[in-house]
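Subject: Structure handover

Hello,

My notes come after it.

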Amino acid sequence: MIVCSTAITWANPLLEKANELYRKEEYAAAIETYEKVLEYKQHSVALYYNLANAHYKLHHIAPSIYYYEKALLLNPTDEEVLNNLQFAQAMTIDDIKPVSEVGISAWAKSVSGLFHYDTWAYLSVFLSVLISVFFAGYYFSRQASYKRFSFISMMAVSFLLVLSFIVGLYAKSVDESENPAIVFANTAPVKNEPKIAAEDTFVLHEGAKVNIKENQGEWCKIALSNGSEGWILTQSIKAVKSIF
């Protein structure tokens, strides 16, 4: 507890200093200070957002996209982060057009992506409490109209509870199945085998987003949103879900 308390005490002044440097447009110094804050395990959407903005101001393509993506891990629906991410992605060279999904899978991802899976869990807890309230109303009420209203409401909320629970589980499974990473190398050849001498399948550039499918020594098997796959050197990319 003493160690955690000390870390927070040091991190807050650092964060204030970083924000002040950012306001003064001293972006390189702000980046250095923000990174020190991260060393104390102080993570937030605002912190990643400002860090990404500072990199963007200095035209650091990969770091800006990387930190915008980390901010979206904490809040996938943040409009400011999403908008700025689009500006950062516009600086990239690779034009990767995602394969559009259709049918139930696309609908399920769209619905589950409205909130983080933790939010779906909180919603389920809230609905459980609401069911208890309606059950109490049904059990203790003496008027038939109140009993009827409480019973119907309890059934409706029970349906929503099951739905939110299922959607939350699906959102969690989707999140766990994805391991996004950003290409940090200026040029990164993607091979058809995990070997230097293997043939290049295609070439990626700084800022491209990939999904890590498999790790094999110094190589990672990646997939793009357009369905293309291949092997890339691990040192060329940085996983978004990795600890700072």
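First, the ground rules. This is a predicted model, so local features need pLDDT of at least 70, side-chain atom pairs count only at pLDDT 80 or more, and totals for chains, interfaces and linings use all residues. Residues are numbered from 1 along each chain as its sequence is written, and side-chain values use heavy atoms, with hydrogens and water left out.

Cores

A nonpolar core here is a set of buried Ala, Val, Leu, Ile, Met, Phe, Trp, Tyr and Cys residues joined through side-chain atoms within 4.5 Å. Buried means under 20% relative accessible area, exposed over 50%, and partly exposed in between (1.4 Å probe, protein chains only). The largest such core has 30 residues. Tyr34, Tyr67, Tyr68 and Val81 have the most contacts inside it. Two or more residues each come from α1 (2-23), α2 (27-39), α3 (45-57), α4 (61-74) and α5 (79-89). Helices are DSSP runs (H or I, at least four residues), numbered from the N terminus. α4 gives the largest share of this core, eight residues. A second, separate core has 15 residues, including Ala181, Val183, Ala185 and Ile232.

What does tyrosine 34 touch, leaving aside its neighbours within four places in sequence? Its contacts (heavy atoms within 4.5 Å) are Leu15, Ala18, Asn19, Tyr22, Leu47, Asn50 and Leu51.

Helix packing

Axes are lines fitted to C-alpha atoms, for helices over the stretch in contact, and angles run from 0 to 180 degrees between N-to-C directions. Angles under 35 degrees count as roughly parallel, over 145 as roughly antiparallel, 65 to 115 as roughly perpendicular, and the rest as oblique. A crossing is left-handed if the near helix is turned anticlockwise from the far one by less than a right angle, and right-handed if clockwise.

Take α2 and α3. Their axes come within 9 Å and cross at roughly 150°. The two helices are therefore roughly antiparallel. Their crossing is left-handed. From α2, the contact uses Tyr27, Ile31, Tyr34, Glu35, Val37 and Leu38. From α3, it uses Leu47, Tyr48, Asn50, Leu51, Ala54, His55 and Lys57. By class, that contact has nine nonpolar, two polar and two charged residues. Ala, Val, Leu, Ile, Met, Phe, Trp, Tyr, Cys and Pro count as nonpolar, Asp, Glu, Lys and Arg as charged, and the others, Gly among them, as polar.

Now α3 and α5. The axes come within 11 Å and cross at roughly 25°. That makes the pair roughly parallel. α3 passes α5 in a left-handed crossing. Val45, Tyr49, Asn53 and Tyr56 of α3 meet Glu80, Val81, Asn84, Phe87 and Ala88 of α5. The residues of this contact divide into six nonpolar, two polar and one charged.

Single residues

Is lysine 70 buried or exposed? Lysine 70 is buried, at 6% relative accessible area. This lysine sits in helix α4. Leaving aside neighbours within four places in sequence, lysine 70 contacts Tyr48, Val240, Lys241 and Ser242.

Two loop residues have positive phi without being glycine. Glutamate 25 has a phi of about 65° and lies in the loop between α1 and α2. Glutamate 25 is exposed, with a relative accessible area of 58%. Histidine 59 has a phi near 60° and lies in the loop between α3 and α4. Histidine 59 is exposed, at 60%.

Best wishes
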